[in-house]
Amino acid sequence: MSESSVPEFRKTRYFNPYVGGVALGIVLLLAFYISGRGLGASGAIKSTIVAGIDKIAPKHAESTAFYTEYAESHPNGPMKNWLVFEMLGVLIGGFISGAIHGRLKLQVEHSPKITSKKRILFALLGGILFGLGSQLGRGCTSGSALTGMAVLSVGGFVSMMFIFGTAYALAYFARKLWI
Amino acid sequence: MKNIRILLATVYVPVALVLAFAPVKTNKPANLTPQQLLEEVNSSVQFVSPDAVADRIIQQDPFLQLIDVRTPEEFEKFSLPGAINIPLSQLFAEEYQGILNQSDYTNIFYSNGTIFSSEAWVLTRMKGYENNYVLMGGLNYWAETIMNPEKPADTNPNEEVAKYNFRKGASQALGGGAMESADQGSILSAPKPPIKKTDKKKRVAGGC
Amino acid sequence: MGPLIIYENISPDTNFFLAFLIGIAFGFILEASGFSSSRKLAGQFYGYDTTVLKVFFTAAITAGIGLLLFGLFGWLDLDLIYINPFYKWSTIIGGILMGAGFILGGFCPGTSFTGAAIGKIDAMVFVGGLFIGVLLFTEGYPLLEKLYMGSYKGTPKVSSAMGISDGLFLFGLVIVAFGMFWVAEWAEKRFPLKEESK
């Protein structure tokens with residue numbers, strides 16, 4: 001185990017969270033003003049999966065209900081989609097910020113109490129759960145919870161309560177991963 | 001950090017308080033996109049048959065409003081019962097918007113043919129106005145079908161005979177003669193236009 | 001008047017390009033606020049770092065206030081903006097799965113992209129997991145369809161459900177948010193990371 005007593009994320013300067021929040025809120029507002037919808041993320045993953053299946057296994061796509069229904073409701077193809085373009089921007093924006101603040105580094109971030117292998121494993125598991133959940137929930141924290149709360153939708157608040165509520169409820173059992 | 005938090009609170013709380021008591025905005029109708037308008041034009045939802053209109057006039061439907069879009073001179077010479085005159089050139093005059101943009105009456109534009117009345121429909125529909133329709137075939141077709149209904153042959157199906165009888169009755173009620181007509185026009189009939197509430201245009205689709 | 005895509009007839013291509021720019025701003029702010037770090041994100045659930053709560057709720061009330069103001073001034077037609085539909089059980093179960101994914105994986109989709117962008121391998125693995133999870137959904141759709149499409153409740157707003165105006169509800173939300181901020185500040189002092197409490 002490394003001896004570093006100060007975690008990496010304390011060693012670098014981040015925006016004041018309230019300032020970041022105001023900025024994020026303004027971006028969200030802009031999204032509504034321009035395109036009538038808020039932010040999102042998980043939808044872009046779905047688009048990519050559909051596009052991938054269409055390419056790799058077209059026969060399967062033609063004979064499976066989900067993909068045919070999707071094709072009907074998306075005549076321009078899965079990738080010509082607001083969220084796909086937005087998420088490409090997210091990658092670039094994140095990269096720029098990381099570059100400016102000197103945080104670009106290939107690493108596995110993990111608590112000193114676990115190995116990086118364990119971290120990777122749980123990141124994979126967490127991603128799978130989140131991926132499945134985001135489809136059922138019709139959105140993730142950005143699309144459903146954050147955007148939903150801004151428009152005061154019941155779906156948004158319910159989504160947020162169950163995401164955060166479950167995370168808090170399981171926090172004790174997952175504590176070894178983080179603290 | 002504490003200062004920012006307090007600063008934020010001193011701005012957001014009063015603003016939110018004001019918003020809590022601000023009036024809810026009623027929106028003006030939204031313009032249609034060209035694509036949406038095209039879809040409606042293609043499905044011909046805006047046409048109303050003379051039979052349907054004649055029926056409503058006879059029933060003295062209080063929510064029917066015929067709108068003559070020809071010039072005032074033509075309107076003076078002849079107009080349908082209960083019609084008002086909104087010349088096409090003045091379609092967007094301030095005083096007519098209350099009549100054209102509402103959700104209580106069914107407005108039916110008519111002219112001699114269908115060119116001007118259709119234009120009136122497209123123009124008002126583009127602005128998002130609802131409950132406006134076009135009299136199919138205009139006054140010319142009205143004269144053929146209602147004013148001078150064509151007598152069907154004895155071998156025609158019952159509905160044709162019924163339709164003829166209706167039209168004969170209508171023409172008498174509406175002041176027309178029952179003259180023989182030479183050509184056989186195709187009988188187009190559209191359902192009675194329902195009264196819809198003015199509602200908003202399509203919401204943006206979104207989500208993940 | 002907004003939304004521009006409807007009222008000003010901006011082309012879909014322009015809309016996508018602007019989506020790209022908005023995404024850049026979104027990603028930048030996320031990373032700059034610290035959301036590229038899974039340990040920082042997870043801190044929300046243990047108390048040692050409440051950045052998530054502060055950014056999240058500040059953004060929500062900022063946008064919420066902004067939307068109502070824009071509507072009031074006639075700059076944005078609030079009747080045309082997207083409101084999430086509510087499918088009760090699908091949302092609840094989805095939320096539970098996401099919560100589990102969050103606490104185990106330390107990311108959510110937006111933040112994982114941001115983390116991946118700066119080189120975090122755990123974030124990249126999380127993104128990989130997302131793809132697998134979505135694939136599980138699309139392939140398992142026949143089994144999930146009933147849950148996914150059931151219990152549709154329309155697109156209700158909390159304010160209408162409570163019978164109060166949007167503005168009044170938002171005001172309540174603002175008060176609650178600031179209350180939570182004060183609690184958050186207390187929590188950070190009360191539950192520091194053991195590594196730091198020397």
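Two strands are taken to pair if DSSP finds at least two bridges between them, and helices (H or I, at least four residues) and strands (E, at least two) are DSSP runs numbered from the N terminus. The structure is a predicted model, in which local features need pLDDT of at least 70 and side-chain atom pairs count only at pLDDT 80 or more, whereas totals for chains, interfaces and linings use all residues. Residues are numbered from 1 along each chain as its sequence is written, and chains are lettered from A and ligands numbered from 1 in the order in which they are written.

Under these criteria, strand β4 (residues 106–110) of chain B and strand β5 (residues 132–135) of chain B pair in the parallel sense over 3 bridges, and I108(B) has Y133(B) in β5(B) as its bridge partner. Both strands belong to an open sheet of 5 strands in chain B, with parallel pairing and the order β1-β5-β4-β2-β3. The edges of this sheet are formed by β1 (47–48) and β3 (84–85) of chain B, each of which pairs on one side only. Chain B contains 8 helices and 5 strands, and along the sequence these elements follow the pattern α-α-β-α-β-α-β-α-β-α-β-α-α.

Strand β2 (residues 64–68) of chain B is mostly covered, 4 of its 5 residues being buried (20 or more other C-beta atoms within 10 Å of the residue's own, with C-beta atoms placed from the backbone). This strand, β2(B), runs parallel to β4(B) and is joined to β4(B) by 5 bridges, with F109(B) in β4(B) as the bridge partner of I67(B). Two further elements, β2(B) and β3(B), also run parallel and are joined by 2 bridges; here D68(B) stands opposite N85(B) in β3(B). Between β2(B) and β3(B) the chain passes through helix α4 (residues 72–77) of chain B in a right-handed β-α-β crossover (with the strands pointing away from the viewer, the path from the first strand over the helix to the second runs clockwise).

Over chain B, buried residues make up 27% of the 208 residues. Of the contacts in chain B (C-beta atoms, placed from the backbone, within 7 Å) with a separation of 6 or more, 73% are accounted for by residues 24 or more positions apart.

The contact between chain C and chain A takes 115 residues from chain C and 111 residues from chain A. On the side of chain C that touches chain A, helix α2 (residues 12–32) of chain C gives the most, with 17 residues.

How values were computed:
A residue is buried if 20 or more other C-beta atoms lie within 10 Å of its own, exposed if 12 or fewer, and partly exposed in between; C-beta atoms are placed from the backbone. Two residues are in contact if their C-beta atoms, placed from the backbone, lie within 7 Å.
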